[in-house]
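These are my notebook entries on one structure.

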Amino acid sequence: MPITQLEVAGYRSVRKLVLPVGPLTVIVGPNGSGKTNLYRSLYLLSAAAEGRLAQVLAEEGGVPSVLWAGSRDKKPLRMTVGVSLDDLAYELSLGPVPTSPTDPTLFKLDPEVKEEHLWTVDGKRRAVLMERKDRTAFVRDSEGSRTTFPVQLWASESVLSQLAEPHRFPRLSELQRTLRMWRFYHHFRTDPDAPMRSPQVGVRTPVLAHDGRDLAAALRTIIEIGDHEALERALSDAFPGSRLEVQAPQGRFSLFLHQPGLLRPLAARELSDGTLRYLCLLAALLSPRPPAFLALNEPETSLHPDLLEPLGRLIVDASMHSQVWVTTHAEPLAQAIAKRSRAEPLRLTKELGATVVEGSEAPED
């Protein structure tokens, strides 16, 4: 189910924003404009489907830190993220855990899911498939009957992560599977102690880990069962005359890069941060198991400007197999993507502290 629209309200710098999402979506803006907030709003939905909503929010500083930071009216504190997917629309709304002298809690970073909805969409008509208020939800089952969700809901997690009988609620289960299969890359660890710089026990790896720790195994997987010709072309496009080599004595995988003019290949521990990050992007974008939805947050980090054109071509090629979302502050990357596709970048700016899309009208509350 492809995403067609993202709606975010009350999240950090995003007071309220509705964005169209196409086969290839490029979000451009300077530091602090809110690009990463939009990326992370999608990541939160995937985390919610996996049962990691509270943990991911805690890593951001907890609910008090992620709520809209600007002026507020007297309405209850809420943040809401919603997506339209094919013929479904889903929305998750949460706020801080209420506290009182009679019911104290030390878990003040946790979210409390206030409302959650799932609709089927037919044009402008919506039919409710699931409606949650606090810890109770009503769901349409496989026969179309409205029934109470069979368990009392955990307040800090989504209905999607507490689905114990998927056969009873097929559309809810379909949404859960879809969100769980989204793939996100926003930090490849390349410091001197990064796992990718040292030999790692490896298995066939069609999906690169989020931090790139299994890079050597992932690249070897592409060579053996993926599009190795595309890998060679992409490598030559970025580093002319270079060649990858993966060694695996006793099953411990190591990466080497042969470069013109050098008498020996360079091991991963010798490669620059930018070179390693680009190799991670190759492994992510040329995955033998492409995801339905792939999101990259500022993939240009540490890359030389000469690599942005090849990266743009690689991203456009990946959008032939996956729906791709890219946030970047590199205008040359956005232009490289636009030159080879119909994806005109959406440019973000700030108005009175709120993230807005340039040229659009501010949404009404």
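**Entry 1. Salt bridges.** I counted 21 salt bridges in the structure, taking as a salt bridge a side-chain nitrogen of Lys or Arg within 4 Å of a carboxyl oxygen of Asp or Glu. The model is a predicted one, in which local features need pLDDT of at least 70, side-chain atom pairs count only at pLDDT 80 or more, and totals for chains, interfaces and linings use all residues. Residues are numbered from 1 along each chain as its sequence is written, and side-chain values use heavy atoms, with hydrogens and water left out.

I looked up Glu-60 and found a salt bridge with Arg-12, with 3.3 Å between the closest N and O atoms. This pair links distant parts of the chain, 48 residues apart: Glu-60 is in the loop between α2 (53-59) and α3 (63-66), and Arg-12 is in the loop between β1 and β2. Helices (H or I, at least four residues) and strands (E, at least two) are DSSP runs, numbered from the N terminus. For exposure I used relative accessible area: buried is under 20%, exposed is over 50%, and partly exposed is in between (1.4 Å probe, protein chains only). Glu-60 is buried at 11%, whereas Arg-12 is partly exposed at 22%.

I next noted the salt bridge between Arg-132 and Glu-116, at 3.1 Å from N to O. Arg-132 belongs to strand β7 (residues 125-133) and Glu-116 to strand β6, so the pair ties together parts 16 residues apart in sequence. Arg-132 is buried, with 0% relative accessibility, and Glu-116 is buried, also with a value of 0%.

An α-helix has 3.6 residues a turn, so residues three or four places apart point the same way. Arg-171 is partly exposed at 25%, and Glu-174 is partly exposed at 24%.

I also recorded a network of salt bridges that links Asp-237, Glu-309, Arg-313 and Lys-339.

**Entry 2. Pockets.** I took a pocket as an open set of points on a 1 Å grid over the protein atoms alone, where a 1.4 Å probe fits, with protein on both sides within 12 Å along at least five of seven lines; lining residues have an atom within 4 Å of a point. The largest pocket holds about 670 Å³ of space, a volume being the space filled by probe spheres set on the points, which are joined across faces, edges and corners. Its lining has 21 residues, and Ala-9, Gly-10, Arg-15, Lys-75 and Arg-78 lie nearest the centre. β1 gives the most to this lining, with 4 residues.

Which kinds of residue line the largest pocket? I found 6 nonpolar, 5 polar and 10 charged. Here Ala, Val, Leu, Ile, Met, Phe, Trp, Tyr, Cys and Pro count as nonpolar, Asp, Glu, Lys and Arg as charged, and the others, Gly among them, as polar.

The second largest pocket holds about 440 Å³. Of its 22 lining residues, Ala-230, Leu-285, Leu-286, Leu-314 and Asp-317 lie nearest the centre. Helix α8 supplies the largest share of the lining, 5 residues. This lining divides into 13 nonpolar, 3 polar and 6 charged residues.

**Entry 3. Helix α9.** In α9 (residues 331-340) I found Leu-333, Ala-334, Ala-336, Ile-337 and Ala-338 buried. The buried residues of α9 pack against β3 (24-28), α8 (308-318) and β16 (323-328), where contact means heavy atoms within 4.5 Å.
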